[in-house]
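The following exercises are to be worked with the sequence and the coordinates at hand. Each task is followed by a stepwise solution.

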Amino acid sequence: MPDMAFFSEWAQFAVRWLHVITAIAWIGSSFYFIALDLGLRKAANMPHGVAGEEWQVHGGGFYHIQKYMVAPDHMPDHLIWFKWESYWTWISGFAMMILVYYMSADLFLVDPNVLDISPTVGIIISLAILGVGWLAYDLICKSRFGDNNTTLMIGLYIVLVILAWALTHIFTGRAAMLHLGALTGTIMTANVFLVIIPNQKIVVADLKAGRTPDPKYGKIAKQRSTHNNYLTLPVLFMMISNHYPLAFATEYNWIIAAFVFLMGVTIRHFYNTMHASGRMLWWTWGLTALLFAAVMAVSIAPAFFADETEDDAALAPLTTRQQQFAAAANFEEVSDIVMGRCSMCHAAQPAWDGIAVAPRNVKLETPEDIARHAREIYLQAGITHAMPPANVSFMEPEERAMIADWYRSATGKL
């Protein structure tokens, strides 16, 4: 009979799939319209109010696209709104936050060695960061400071770097990077939901009422859309960083985040300039490569200054739930199996050629490690054959069965 771990894993898979699909749709349409907007050209005999036009070819057909600086003279019969891609990306992303980081907060969200808080307090802080972060950003944009786009972008970057440092002193490294992405994604979706779409609806209402729309609404929406454009690539990095310990599990992960936000600017600047003027600013790619080299250097820097003391994480006391796994039947045998079959890679200093750091920063060198990662071991090696990869350490079916029985007995699922 399948247990909750089984259903939870498939729920995460389904929601992650939805998140990826909607994110592709949102990012694709966003990048398309930025390129379209920057590539518009003036032409003779354009209708009144048209700022530019562009001819495109795709799928065997030609498309003639015109952009009105404010709005057309009358409301078109058929108007397509681009918003649900953004909304569902955030909804599915927040669902993933609940399924992974809130439901397993003691494993993925909080770490007593970083900040000794309960999972509940960690969740409250997480929610506050998303809500207060958006409010602060919105107030800054609406203030006089937001009138100068360049100054605003520099100021927001400084705030993000400070926040990155602060998050690494509240959550686990994995959760800190994820929250940077989640906050940035929240800002982007809130820009759409609370600023861009409402402003467009005001313009539509004016058209229906026969009034001339105020161009300020389009200007405000354009500013927020530009922010979304430059934030997209860093968000993607933050979201996939949880699969790479060299990104999230290093002491200087907040510096890595700072460099990644800069890379988002350099890459988008290249494409935005290309679409706007046709110029290829190749130096931006050189700068991006240097920034990425700096990211790699920062990720391994702690290794050159590390001492011989024991890893703090290994000294952290087991939670009540983890103690439950340590006290379950056959725990000693399971510990021997896992340490014998898995610790050559899942170690502070992996012995397997080509493995620089423990995959996902999961170390399985002591019985305490086994108890901490019981659910992952159960899913990866107990009921599936995902680990060891290609069964390189020859884990036997009987050993997998013992792992599954141990987990189920500890959770009362026998």
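A contact means heavy atoms within 4.5 Å. The model is predicted.

**Exercise 1. Locate His 346 and list the residues that it touches, leaving out those up to four places away in sequence.**

Solution. 
Step 1. His 346 is placed in the loop between H13 and H14.
Step 2. Buried means under 20% relative accessible area. His 346 has 12% relative accessibility and therefore counts as buried.
Step 3. With residues up to four places away in sequence set aside, His 346 touches Ala 358, Pro 359, Val 362, Lys 363, Leu 364 and Glu 365.

**Exercise 2. Describe the chain as a whole: its helices and strands, its box, its buried share and its contacts.**

Solution. 
Step 1. The chain holds 16 helices and two strands.
Step 2. Along the principal axes, the C-alpha atoms fill a box of roughly 80 × 50 × 45 Å.
Step 3. The chain has 414 residues, of which 42% count as buried.
Step 4. Among contacts in the chain with a separation of 6 or more, 67% are between residues 24 or more positions apart.

**Exercise 3. Compare the reach of helix H2 with the expected value, then state which of its residues are buried and what covers them.**

Solution. 
Step 1. Helix H2 spans residues 84–102, which is 19 residues.
Step 2. The expected span is 1.5 Å times one less than the number of residues. For H2 the expected value is 27 Å, and the reach from first C-alpha to last, 25 Å, is close to it.
Step 3. The buried residues of H2 are Ser 86, Tyr 87, Thr 89, Ser 92, Met 96, Met 97, Leu 99, Val 100, Tyr 101 and Tyr 102.
Step 4. The cover over these buried residues includes helix H1 (4–39), helix H3 (105–109), helix H4 (119–142) and helix H6 (173–209).

**Exercise 4. Explain why helix H15 is described as largely enclosed by the rest of the structure.**

Solution. 
Step 1. Helix H15 (residues 374–382) has nine residues, and seven of them are buried, so the helix is largely enclosed by the rest of the structure.
Step 2. The buried residues are Ala 374, Glu 376, Ile 377, Tyr 378, Leu 379, Ala 381 and Gly 382.
Step 3. The buried residues of H15 pack against H1, H3, helix H12 (320–326), helix H13 (331–342), helix H14 (367–372) and helix H16 (397–410).

**Exercise 5. Characterise the second largest pocket by its volume and its lining.**

Solution. 
Step 1. The volume of the second largest pocket is about 1700 Å³.
Step 2. The lining of this pocket has 46 residues, and the closest to the centre are Phe 33, Lys 67, Tyr 68, Phe 82 and Gln 200.
Step 3. Two or more lining residues are given by each of H1, strand S2 (61–68), H2, H6 and helix H7 (216–240). H6 supplies the largest share, nine residues.
Step 4. By class, the lining of the second largest pocket comprises 28 nonpolar, 11 polar and seven charged residues.

**Exercise 6. Identify backbone features at Asn 45, Phe 394 and Pro 388.**

Solution. 
Step 1. Most residues other than glycine have a negative phi, and most peptide bonds are trans.
Step 2. Asn 45 has a positive phi, near 60°. Asn 45 lies in the loop between H1 and S1 and counts as exposed, at 80% relative accessibility.
Step 3. Phe 394 has a positive phi, near 60°. Phe 394 is found in the loop between H15 and H16 and is exposed, with a relative accessible area of 59%.
Step 4. Met 387 and Pro 388 are joined by a cis peptide bond, with omega about -10°. Pro 388 is placed in the loop between H15 and H16.

Methods: Residues are numbered from 1 along each chain as its sequence is written. This is a predicted model: local features need pLDDT of at least 70, side-chain atom pairs count only at pLDDT 80 or more; totals for chains, interfaces and linings use all residues. Side-chain values use heavy atoms; hydrogens and water are left out. Helices (H or I, at least four residues) and strands (E, at least two) are DSSP runs, numbered from the N terminus. Buried means under 20% relative accessible area, exposed over 50%, partly exposed in between (1.4 Å probe, protein chains only). On a 1 Å grid over the protein atoms alone, a cavity is a set of points where a 1.4 Å probe fits but cannot get out, and a pocket is an open set with protein on both sides within 12 Å along at least five of seven lines; lining residues have an atom within 4 Å of a point. Grid points are joined across faces, edges and corners, and a volume is the space filled by probe spheres set on the points. Ala, Val, Leu, Ile, Met, Phe, Trp, Tyr, Cys and Pro count as nonpolar, Asp, Glu, Lys and Arg as charged, and the others, Gly among them, as polar.
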